[in-house]
Amino acid sequence: MRVLSIGRPLADPAIDNATIASAPALAEYPVIVLDPAGISAVIAEAADGRGEHHTLAGVPVVNGEPAGDALSLAELLRRRRDELVAALERGALVVVFVAPQVALPQVLGFTG
C-alpha cells in the first residue's frame, strides 16, 4: 500500500515524503498523511519568496502571477484541494496531525 506524507517526513521506506509543492498527485494514493504545521510553513516560505519551491516536475512555484513556466502558489493550492477531494471520493484514508489554524493572507490570489 502506498502512503504519501506531506509536511512531516516519516521514517519508513514505504512512505513517500513530500512538501505541498513537490508531492505527486494526491488522488493517486490510498493513504495520505497531512501535517498542517509543516504544510503552512512551506506555504509561508513560498509566499514570502524564501527558498526555492518546485513541483514534482521541477516547475517553480511563485506567489502571484506566474511568468514563463512557473506555477502560481494559489493555483497549486487549488489543485491540491481538488486532488484531496478526488482522493476522498475514491475512498482514501486521510490522517491529519492536530495543529492550530493558521491564516496565510500573503498568498496572492487565494482567499482560503
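I begin with T55, which is placed in the loop between α1 and β4 (61-62); helices (H or I, at least four residues) and strands (E, at least two) are DSSP runs, numbered from the N terminus. Before going further: this is a predicted model, in which local features need pLDDT of at least 70, side-chain atom pairs count only at pLDDT 80 or more, and totals for chains, interfaces and linings use all residues. Residues are numbered from 1 along each chain as its sequence is written, and side-chain values use heavy atoms, with hydrogens and water left out.

Is T55 buried or exposed? T55 is buried, because its relative accessible area is 15%, where buried means under 20%, exposed over 50%, and partly exposed in between (1.4 Å probe, protein chains only). Not counting residues up to four places away in sequence, T55 touches A21, S22, V61 and L71; contact means heavy atoms within 4.5 Å.

H54 also lies in the loop between α1 and β4. With a relative accessible area of 31%, H54 is partly exposed. Residues up to four places away in sequence again aside, H54 touches A21, S22, V59, P60 and V61. The C-alpha atoms of H54 and E89 are separated by 27 Å, the two residues being 35 apart along the chain.

Next, A92, in the loop between α2 and β6 (93-96). A92 counts as buried, since its relative accessibility is 13%. Apart from neighbours within four places in sequence, A92 is in contact with Y29, P30 and A87.

I turn to the rings. The charged end of R2 sits over the ring of Y29, 4.3 Å from its centre, and that of R8 sits over the ring of F97, at 3.8 Å from the centre. The criterion is NZ of Lys or CZ of Arg within 6 Å of the ring centre and within 35 degrees of the ring normal.

Finally, how much space lies in the largest pocket? The answer is about 670 Å³. A pocket is an open set of points on a 1 Å grid over the protein atoms alone, where a 1.4 Å probe fits, with protein on both sides within 12 Å along at least five of seven lines; lining residues have an atom within 4 Å of a point. Of the 22 lining residues, P36, I39, S40, I43 and L77 are the closest to the centre of this pocket. The elements giving two or more residues to the lining are α1 (36-48) and α2 (73-89).

Key: Points joined across faces, edges and corners; volume = space filled by probe spheres on them.
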